Amino acid sequence: MRASAGASLAAAKRPRVMRPLSEVFAPGAPTLPERLRTLVVSPERELEPGMTVRATFTFRNHGGAPATGVRIRFNVPDGLVYLVGSGLLDGSELDDELGNSPLLARAGAHVGDVLPNEERRIEIAYSVAGAIENGTTIELQAAVASFELPCIGSNVVRLVARSKPQLANALTGIAMESVRDPVPGSQAAVTVRIHNAGESTARDVVVVSPIPEHTSYIAGSARINGRETERELGAAFDRMHAPVVLRSLPARASATLVYRVVIDAPLPGGTQLVAKAHVASQETPAFSLEPASLTVVSAPDFGDDRTTFSADPADDVRPGQPVRITLRAFNAGTAAAERVSAQLELSEHLIFVRGAATIDGRPLRERRKEPLRFALGAIDAGQSVTLCAQAVLTTPLPDKSVVSAAAVLDWEAPPAASRRLQCDLQVCSEPCFPPRYDALTRVGSASAVPGSGLEAAIVLANDGSADARDCVLHIRIEPALDDVAVFESGRRLVLEGRSADSPADTAELGTIEAYATRRLTVKARVPSPFANASELRIGASLHTRELGETHLTDARWRVDSHPAFDRETSRLELGAQSVLRPNQLAEVDVVVTNVGTDTAHNVTLRCYVSPEARMESVDGATREKSSLLFGELAPAAHARARLGLRLLRGLAKDWPVTVDGLLTADGVLPVPLERLTIATSAEPDFTTGNLHSEPADAVDPGETVEWFLHVRNGGDGTARVAQITIATPESLIYVPNSTTVNDVPIRDSGAVPPFAGTRGIVLNDVDPGVEATIRWCSVVHNASPAGTSIALVAHIRYDGERDDEIASAELRVRATPIFANAIPGLPFGLDGMLGPALASHQRALPEERYLQLPPATPVADVNGAQPRAQLSAGRDDDVDDLQIKVFEAARTDVTGTIAAFTPERLNRTLRLLREARFSGLITHVFALRAFLPEGVGDAHCRALEPARELLREELDRLFIKLRLPLYVLTARDIETPSLHATLERLVREAGTARGVPAESPTAALTLRGTFDPMELRDLAERMLQAQLATALPWAALARLLPSETPYWADYRAHLIEVLDDFEDSEGNEFIDALQHRSDSRLDAALDTMIASLHSTV
Amino acid sequence: MALAATLVLAVLIAAIAALAYARARRRPQGDADGLIAEFGNLSDAERCDFIFAVAALDDPSSLRLLERALDDPCEAVALAAAHALTTAGSTVPLERFFAANPGGRTDRIAASLELLA
């Protein structure tokens, strides 16, 4: 007490500080000293929210001077609000136009001057605020000031506010709501809203809100006005029964208590979740809120991504490929699904594999009924069942097609529902043309003849699972063939070229369906001509959009093409003149046509002309002896040549000249041409003749008269039979056996001369120009009177028709008496007369005896040609005659050889020569062995047989050795000392041989030859000094080879020439030549000789 | 003739002596197949010459060698052996060999023998 009294005393002593009007009533400022007790307030003590408080302040100028510049100001305490228009000065309103009262402004309201004793009355009204704390004290005071007086305060009126909170109102309540559907497991928020609808603050607001049943409090989720509250509460919200959630809740304020709960799961659908709460405060007793509820929504759910239906593989599935179909049913709902079943719906392109289905890896029992329906049982929430099934993708299927599979999942748990799931399979399919089915095969033989047709079959089997589209078949034909066509089922396909100038080799086939087979036939014709052994190939490739190029195998043929000649198109034709006359040229046309299909090489026509004629000229071909060489002749080509034939001598009409032709070419069978027969018109003529006697004019009786009949075939034909008869007169006595024909004595025909017989002297085959001289002697009959005329007439009958007469001149007998008997030369007398002596005669006819023809070209006696046979008056009626002529034409000092062949031996010899065609001259050594004669001369040659045996032995071994690869000849392979000695003896014996050996009666072919013994003797002498393995013995043996025909003679001459060239050689030159040196001319001559032997077989 | 025969005989004796010496030096005595073994070591041409050399011998070992040579890898050697057997008149083993070994090689050898007959 003492202390407070002291403080009041100190305050009294402190000087008063006068505050201006504007500074009074400032917040926190002390009230003014109470000087004027004229402020009256109604009500006086308490007030309630919303009440009107009226204040009236009066003052009087108790002074004597007017107070000027008087201003009045009221305060506005918290909780009171000025009522607009209530400020009155002496009953006059003071508010401005905006409703602001100047009484409440800082400067106060200007009331003007207040005269002394003048009183002013100011009224103002306030309204109590709606929310004002209970017990709040409100102080009202007015202040007045003027220019002359400091600011004076009125009395202070203190009022106490009376109010209370109100929590139970419509805005206070509880709510429960879920974020989404109120499904089990989901969260829900419980919100307790507390609103203080009263005029004062509620203190210690308590909320009792138990956690709803079937829910769980989410720890830390309780919020008061968004502010976490558990930290302030000091415990978990759900563990406190009646926590004070708010220390104060002002009037008109609201607070929200929110906490979150989790709905228990599982939870049947329809479960009611009820949230309850009680609210109380210090001022408000507890009251309950209307409960809030939430109905749980719960069901099984297979609708999320965890329920899947898939196929493996799903992409690039090939037809025929097994596909694993998997249905995983996951109950993502909040309730168990009862009696869940799955129904598979497979496309028609998927074939279900029975017995392969499993559920959660366990195999299922096979069911015949509804095999695609599977009972999965009950599936709890959050559980899954996996159904696996197998299916196979059918074939065929188009590429990139989509095959669907679906599964319908049904369940009955409330509510019953189903879900259809689907998966797609992307098909990868393509056609396929495997080589085992698709091929191009040859039809028929592998050999093709030009001009013939070829056929190949094409099989296009699409073994793939998709159609092949835009199929184009390309045909490859090498080389180009004719008439190429492609057929399918008898229908010819159109072939087109890839470009305008390319051959037509492409056929459009369109689409080849899967597993379909197209069979095509390619036909073509081999052009003619065509080279032999050429390979023909037909290939094909199939181009499809999907596979591109697919090559097929090629079909191959080998062309069997040969040149050929026949007798119809290759022939000999006579030229203009149809008759061949002796010593005249006849033109023979040779037409050679290659009717084959390949070029003929070395076309040669060997002409065999009758011996009576020979070839004089050749135009259009190369002549080589009697052969015409045409060279190469293309198929279907013609070659023409014109031969000039000259008839060497006359022939009778029935002996026409024949020309045979043997057409040969490489690789062609020899074709003998139709024989050309040339009629001859040769006729004999014996009109030219002379019959005369010697003496010619007169003769004495008893004198011998020699008669000469010269007859000559002056025609151009041969007289086959010429019968000469001469009648003998009685005045002549024939001298027996005095008849000669061409100095050949002719025996008489009995007692009569041969020409006086019945047939007379018969001459056969009298060639043109041949002259016959018949000479005989007769004696003039001694009793012939003088003057007797003797004349003879010779009749020559020939060819059965002609009868020519040749008469002699008259010979007169002159008879004179003779009385002497002394005959000179006789040592005795003789009663008789000296007879005539035979004397040599002179030819009566001056003409040449032989008909000399010009030599045929190119055969001549020069340039190494062989001696040519001369036409003689001898007999020449067949081939043997020609051989005889050869012998006659040869030198007289020759020795003959002979080699006889049976058909078997000749065949074997020819085969041996064919097999022994080695490179080099060794081939001709084998030829020497083959044609070595068996007879030399007319006597037995003792060394011949040993030489043949040794030669055979040595050359057989050599024949075998030469079959060794890369065998090199040595000297001892050619000649051994024993062989050398034997050959030397043979050559020596041959040099001394004479004559011609006798023919073998059993030989089918006899090869004759001649040689000069002098040459052999000379060679034998040289062989004595020669070393082994030289060409000398073989050159000697070559001279023993046959030379009867021009072919053989030609070969022998060439061989001798070649072997003689080694005379001066040294060392192993001959051995080397045997193995390495070839002589084409010699080989050709041997070929010709062998060919001539072939023709005789 | 006598001289030639003497020369051939001398060559054969020398060849046989050389082979016998080589065999005696390389192989122990009593090896019955020594001749055939030596024959197998020769070249083709030497085997041909050897066949021609022993062709004139009419002893069992030579005939056995010729029979063995019919199956020589070199066809020319086989032909030489066949020719030697034919020349010696021993056609039985040749026919037996031909019957036991039909084929192209036998046909060719038979054809060549026919040519050389």
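In what order do the five strands of the open sheet in chain A follow one another? The order is β27-β28-β33-β30-β31, with antiparallel pairing. Here strands (E, at least two residues) and helices (H or I, at least four residues) are DSSP runs numbered from the N terminus, and two strands pair if DSSP finds at least two bridges between them. The model is predicted, so local features need pLDDT of at least 70 and side-chain atom pairs count only at pLDDT 80 or more, while totals for chains, interfaces and linings use all residues. Residues are numbered from 1 along each chain as its sequence is written, and chains are lettered from A and ligands numbered from 1 in the order in which they are written.

At the edges of this sheet lie β27 (308-312) and β31 (362-363) of chain A, each pairing on one side only. Within the sheet, β28 (residues 322-330) and β33 (residues 384-393) of chain A run antiparallel and are joined by nine bridges; L327(A) has L387(A) as its bridge partner in β33(A).

L633(A) is the bridge partner of A600(A), and S627(A) stands opposite E624(A). Two residues separate β53(A) and β54(A) in their hairpin, where K625(A) takes a positive phi near 55°.

Turning to the interface, 15 residues of chain B are in contact (C-beta atoms, placed from the backbone, within 7 Å) with 16 residues of chain A. On the chain B side, α1 (2-26), α3 (44-54), α5 (75-88) and α7 (104-116) each supply at least two residues.

Methods
Contact = placed C-beta atoms within 7 Å.
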